[in-house]
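Welcome, and thanks for taking a look.

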Amino acid sequence: MTTIDPDTTEIAARRARRFTRINKADAWFQVLGLSWMTPILKAAAGDNPRAQASEIWRLLGVPLLAVALFLLAWGTLAPKVQTSLGAVPGPAQVWEQVINLHADAVREGEKEIAFYERQDARNAEHIANGEPDRVRERVYTGQPTYYDQIWTSIKTVFFGFLIASVVAIPLGIMAGLSPTANAALNPLIQIFKPVSPLAWLPIVTMVVSAVYVTNDGLFSKSFLVSAITVTLCSLWPTLINTALGVASIDKDLVNVSKVLKMNTYTKITKLVLPSALPLIFTGLRLSLGVGWMVLIAAEMLAQNPGLGKFVWDEFQNGSSQSLARIMVAVLTIGIIGFMLDRIMYALQSMFTFSAQR
């Protein structure tokens, strides 16, 4: 008669629970672009190290090798290309400007802190001398740092994207549910969808200048111009995908809603939205990507604060460091665009039943 060792059984159970947790985490690693973490964790847990090593090489080693080859080719070929601003900077020169931009931001932050400390000390002295009428509260107006430009662009694109979503999702639901509404909206979509942000920008600028006449409002005019331009160019993917998702709902479900005599609100919230969410989120991801590209172009042309203006200012500056700083901005724009897409993909995984868990 075979005796089962309780310790062996407990070890096997712990190992099974560990692999279960790893498999659950794998869905989120896929969402966040960290799929290479799964074979590392499995190898550490003792699951066929040779097979996991092959997966680690495919998911992590090959991409790192490709990046290394790209950097090698960039560093080798860049000095051979001469421009009006000098040779194209290689990775080392670009990294040097990353450090310089960070150092500039730190120095600007120290200046801002010193400004407010002097102001607080001066106001405290006026109060102590019985001169409260001489107290002044001024806002620091120093040069915006590179990090300020990044934050400005992120705020602007999300504001424009939210407005586009609020407009596009209801219209898409309407177009998907009603053939008449779809027939009415389709010509407008086909006409305005291909319009470049550079064509919208002068119109938006004039309209905002005419309507938004206050100088102390919640938003600056430059912010609104960029955000509305993003809205006008980014709402179409969400509108089209929402309409497609709603129109593709299983007809049996539609018939069930008629049998149950659902009102319009219940039909939309309980049937339409849950069924159409995967395609709606696909449209939102596309819209956010479009909005990010549109924003940079709008900031460059209109000279509105943000990464686009930073690129244009460096181009106009024409110093020996300008080209390297422009390349820093290009890489920053690409990395932020990737992160925005991952954020939307994570939200899609959280709210849609079709995504992996």
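A residue counts as buried when its relative accessible area is under 20%, as exposed when it is over 50%, and as partly exposed in between. With a relative accessible area of 28%, Asp-104 is therefore partly exposed. Please keep in mind that this is a predicted model.

**Overall form**

- The protein has twelve helices and two strands.
- Read from the N terminus, its elements follow the order α-α-α-β-β-α-α-α-α-α-α-α-α-α.
- The radius of gyration is 27 Å, well over the 21 Å that the globule rule gives for 357 residues, so the protein is more spread out than a compact globule.
- Along the principal axes, the C-alpha atoms fill a box of roughly 95 × 60 × 60 Å.
- Of the 357 residues, 32% count as buried.

**Salt bridges around Asp-104**

- The structure contains eight salt bridges, and a network of them links Asp-104, Arg-107, Glu-314 and Arg-325.
- Asp-104 meets Arg-107 in a salt bridge, at 2.2 Å from N to O.
- Asp-104 and Arg-107 sit three residues apart in helix α4, which means that about one helical turn separates them.
- Arg-107 is partly exposed, at 43% relative accessibility.
- Asp-104 also forms a salt bridge with Arg-325, at 3.3 Å from N to O.
- Because Arg-325 belongs to helix α12 (residues 322–351) and Asp-104 to helix α4, this pair ties together parts that are 221 residues apart in sequence.
- Arg-325 has 12% relative accessibility and so counts as buried, whereas Asp-104 is partly exposed.

**Another salt bridge**

- Arg-134 pairs with Glu-131 in a salt bridge whose closest N and O atoms are 3.4 Å apart.
- Arg-134 is partly exposed at 45% relative accessibility, and Glu-131 is partly exposed too, with a relative accessible area of 25%.

- Arg-118, Arg-122, Arg-136 and Arg-138 form a positive surface patch.
- One of these residues, Arg-118, is found in helix α4, which covers residues 91–128.

**A loop residue with positive phi**

- Gln-303 is a residue other than glycine with a positive phi, near 60°.
- Gln-303 lies in the loop between α10 (264–302) and α11 (307–317).
- With a relative accessible area of 30%, Gln-303 is partly exposed.

Key:
Residues are numbered from 1 along each chain as its sequence is written. This is a predicted model: local features need pLDDT of at least 70, side-chain atom pairs count only at pLDDT 80 or more; totals for chains, interfaces and linings use all residues. Side-chain values use heavy atoms; hydrogens and water are left out. Patches are made of residues with over 30% relative accessible area and no salt bridge: like charges are joined within 9 Å, nonpolar side chains (Val, Leu, Ile, Met, Phe, Trp, Tyr) within 5 Å. Accessible areas come from the Shrake-Rupley method with a 1.4 Å probe; for residues, only the protein chains shown count as cover. A salt bridge is a side-chain nitrogen of Lys or Arg within 4 Å of a carboxyl oxygen of Asp or Glu. Lys and Arg count as positive and Asp and Glu as negative; His and the chain ends are not counted. The place of a charge is taken as NZ of Lys, CZ of Arg, CG of Asp or CD of Glu. Helices (H or I, at least four residues) and strands (E, at least two) are DSSP runs, numbered from the N terminus. Buried means under 20% relative accessible area, exposed over 50%, partly exposed in between (1.4 Å probe, protein chains only). The radius of gyration is taken over C-alpha atoms; the globule rule is 2.2 Å times the number of residues to the power 0.38.
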